[in-house]
Amino acid sequence: MNIHNRIGMDLASFDRLLQEVVTSDRDLTPPSVVLSSVIDLINAGGKRLRPLMVVIGSRFGDNGHDSAVMKTAVLLEYLHMASLVHDDIIDQSDMRRGRPTLHETTDIQTAVQIGNYMIARAIEWAAQSNGEPDGSSENVSEEEAYRLAELAALVTELCMGEYDQLHHRFNYDLTMEQYLEKTRCKTALLMAHCLKAGAEAAQADSLIAERLFQIGEAIGMAFQIRDDLLDFTKSKEAIGKPAGADLRNGNITLPVIYALNDPALAPQIRQLGPHSAEADMDDVIIGITLSRAIEQSEQLAHSYAQQAQLMIGEFADHPAQEDLQALLQYFLP
């Protein structure tokens, strides 16, 4: 069964909410490249897994169906979409989900500013206590101000994760600790905040919300490591980009870090740079794929998944525990 149907989330209704944030902005009157570009991004679709996590988190509270939950889901999805715009620029990706990326259909400067707009719009809406994306606002409560501060901190972490990835291009001295921190900032923290924010929007107990944060962080770490593995183990047709695309762009992922411990592979990897021949890249990518680095990366991903499973088990008596199990199985089958 489709995970959204399993959880009971109407994707079409949610996408309409996403569009309302943009179409209700009084500063974006047609014709506007920002307006049309963001609408195109929404219409391109997506798995909407982060808002799904918000909905699941809300089921651990007492008020899981009010507008605060969907407001939270929308603004966190906006942050995710904005981060993908920036990611595609950093990774020099020309396609996403079978369609040209935003910086390909506009230009890099325009795409950067549209991504910035989406982040700013999400923060602005978070500061509106009436829960409506219509540009009006009221004074926020102390609790809402705290959540807004958390959101601002999350944006900072996302930006730092993106910067670290750019700063460490072809840096083969990247440590395991640096890789894990980059992964935490770039992927895991947003997933963690989705579960926690959903719970908080539904007035869940603070200890439960914090545990959900830890579950989301563990799932996010495992998910990103698995995604790094797919870059080496799946075909271009399966993942929509050439095998080893991360390494070709200088993005040092976990399989590369492990492979650098192989005396035979390390010299070949270290000679790669932004202007290396495709044949040299291909040889190294094949070498990494056939090395122990793949198994070692899978083991670390499995370790994070086990951490998430153990924490989910603590909610065995809660009816929403099944939703967490479904989420874990979807991300980490």
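Helices here (H or I, at least four residues) and strands (E, at least two) are DSSP runs, numbered from the N terminus. Ala-192 lies in one of them, helix α9.

Before I go on, this is a predicted model: local features need pLDDT of at least 70, side-chain atom pairs count only at pLDDT 80 or more, and totals for chains, interfaces and linings use all residues. Residues are numbered from 1 along each chain as its sequence is written, and side-chain values use heavy atoms, with hydrogens and water left out.

Back to Ala-192. Is Ala-192 buried or exposed? Its relative accessibility is 0%, so Ala-192 counts as buried; buried means under 20% relative accessible area, exposed over 50%, and partly exposed in between, with a 1.4 Å probe and protein chains only. Leaving aside neighbours within four places in sequence, Ala-192 is in contact with Leu-212, Phe-213, Gly-216 and Glu-217, where contact means heavy atoms within 4.5 Å. From Ala-192 to Gln-321 there are 129 residues in sequence and 16 Å in space, C-alpha to C-alpha.

Next, a helix pair. Two packed helices are described by the angle between their axes and the distance between the axes. Helix α5, residues 67-90, packs against helix α9, residues 176-201, at an angle of about 170°, and the axes are 9 Å apart. The axes are lines fitted to C-alpha atoms, for helices over the stretch in contact, and the angles run from 0 to 180 degrees between N-to-C directions. That makes α5 roughly antiparallel to α9. On this scale, angles under 35 degrees count as roughly parallel, over 145 as roughly antiparallel, 65 to 115 as roughly perpendicular, and the rest as oblique. Residues making this contact include Leu-76 and His-80 of α5, and Leu-190 and His-193 of α9.

Now the salt bridges. A salt bridge is a side-chain nitrogen of Lys or Arg within 4 Å of a carboxyl oxygen of Asp or Glu. How many salt bridges does this rule give? The count comes to 16.

Take Arg-121 and Asp-25, whose closest N and O atoms are 3.5 Å apart. Arg-121 sits in helix α7 (residues 108-126) and Asp-25 in the loop between α2 (11-23) and α3 (33-43), so this pair ties together parts 96 residues apart in sequence. Arg-121 is buried, at 2% relative accessible area, and Asp-25 is also buried, at 11%.

Glu-210 and Lys-196 form another salt bridge, at 3.7 Å, N to O. Glu-210 belongs to helix α10 (residues 206-233) and Lys-196 to helix α9, so the parts tied together are 14 residues apart in sequence. Glu-210 is partly exposed at 31%, while Lys-196 is buried at 8%.

In the bridge between Arg-248 and Asp-282, the closest N and O atoms are 2.7 Å apart. Arg-248 is in helix α12 (residues 245-248) and Asp-282 in helix α15 (residues 278-289), 34 residues apart. Arg-248 is partly exposed at 21%, and so is Asp-282 at 32%. There is also a network of salt bridges linking Arg-6, Arg-59, Glu-322 and Asp-323.

Last, the backbone. Most residues other than glycine have a negative phi, and most peptide bonds are trans. The peptide bond from Pro-30 to Pro-31 is cis, with omega near -5°, and Pro-31 lies in the loop between α2 and α3. Gln-92 is not a glycine, yet its phi is positive, about 55°. Gln-92 is in the loop between α5 and β1 (95-96) and counts as exposed at 55%. Gln-203, likewise not a glycine, has a positive phi of about 60°. Gln-203 is found in the loop between α9 and α10, exposed at 53%.
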